[in-house]
Amino acid sequence: MSDWKLEDFAVPEVADKDRFHDFALPLPLMHAIADLGYEYCTPIQSKTLPFALSDYDVTGQAQTGTGKTAAFLIGVLTRFWEHPLKEVPPLGCPRALILAPTRELALQIEGDAKGLTKYMDERTVCVVGGMDFQKQLDKLDKKPVDLLVATPGRLIDFLDRNKISLKHVEVLVIDEADRMLDMGFIPDVRRIVFQTPHKRTRQTFFFSATFNDDVMRLAESWTIDAEHIVIEPESVATDTVDQKFWMIGRDEKDSSLLNLLRNTDTERAIIFANRRDQTHRVVKYLQNNSIDCEALAGDVPQRKRLSTLNRFKEGSLKFLVATDVAGRGIHVDGVTHVINYELPEDPEDYVHRIGRTGRAGSTGTSISFVSEDDAFNLPPIEQYLGMKVDCTIPELPA
Ligand code: AMP
């Protein structure tokens, strides 16, 4: 037993901010929170925790990067701590099910859960497509699982083979519901939800970055009297990002990018392109010019994607070239620059992209290349941001 005490985690009270200390959380959970370096609750945590800890359903309009993962995980883990199981459950019967639309997001949630359960006995298993089924099955067969993080398709595989049962699920979390909808996963999700206990006898958290009528309907059918929480979209991120727009001819983009990356200020950067083939072309060009970089796109094998992401997180790889889908939800602190090799077609993607920098209290820079090919994407971005932007000539020669 650790002799760690709450006094070892001193966080001064500050007006307008909640501390984790204010929620009477289990000591081992507080210990893990202290190790993760969290001091004050993020707004979504402050708003969610009072309801999450009182067994209420929560629907949350929030994007990744707001701390929503820890918000629901802290709720789940506190519940498990307060209501320990009297008997060892059968294999493959999780107490909490967390559904996420992409492998990357699921693996990230698994990582967060492992961080928060560092001093608890709760076990997390992640089942996602594109990775070895048997290995995931071995993990489920080894010991009971408390938290199961899954993408819908792979979970259906496990359910169809009777390797997982959702009958004992006490808490259901549906993350990024709008993306599930966009990606056509809702029929799968519906089948999955149907196999969990009735909404009256489970607690449900439902998150989505946007709430249109379709998403609203899903939220209403899967929750009961949910507390609806709205966190303003990435306002924090755009406040802490110095956004630059450079007018660049299509033929000058490559050399401008190269100069930019050779500039020593660019310590860790994500370069976004709109299509997979473009990311591979840009990576090849940069590598031919002795820049160490890798692509993060949907057609890169999963194993390679993970190793790339890990190298980027550790700092041994400075530059990533990503598509929106692959780059979404990637949380790496210390990204100094986001470079838009092309302007995205969807203004929301622009905000997601630049939100990869300027995180965790630091400031960042985004540089968007605006060329004859994509300048027409700028007015919708200005409209979404609610401001006119200044296009300047590049600060570095092409
Ligand atoms: P999420 O939106 O859940 O993906 O979280 C975004 C990032 O914020 C993750 O890297 C978390 O580790 C981090 N984070 C979550 N809660 C806090 C907190 N209270 N203080 C500082 N960082 C946090």
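This report describes the ligand site and the domain interface of a predicted model.

## Basis of the model

Local features require pLDDT of at least 70 and side-chain atom pairs count only at pLDDT 80 or more, whereas totals for chains, interfaces and linings use all residues. Residues are numbered from 1 along each chain as its sequence is written, and side-chain values use heavy atoms, with hydrogens and water left out.

## Ligand site

A polar backbone atom of Lys68 is 3.3 Å from an oxygen atom of the ligand. Taken alone, the ligand exposes 500 Å², and the protein buries 79% of that; accessible areas come from the Shrake-Rupley method with a 1.4 Å probe.

## Domain arrangement

The domain assignment, which is automatic or taken from a database, divides the protein chain into domain 1 (6-230) and domain 2 (241-392). Their centres, taken over C-alpha atoms, are separated by 30 Å.

## Domain interface

Contact (heavy atoms within 4.5 Å) links 14 residues of domain 1 with 13 residues of domain 2. The two domains bury about 1,300 Å² between them, 46% of it on carbon and sulfur atoms; buried area is the accessible area (1.4 Å probe) that two parts lose on being put together, summed over both. Glu104, Gln108 and Arg179 supply 41% of the area that domain 1 buries against domain 2, more than any other three residues.

One salt bridge is counted between domain 1 and domain 2, the term denoting a side-chain nitrogen of Lys or Arg within 4 Å of a carboxyl oxygen of Asp or Glu. The side chains of Arg305 and Glu104 form a salt bridge, with an N to O distance of 2.4 Å.

Definitions and conventions:
Polar contact = N/O pair within 3.5 Å; in protein donor to acceptor, adjacent residues only side chain to side chain.
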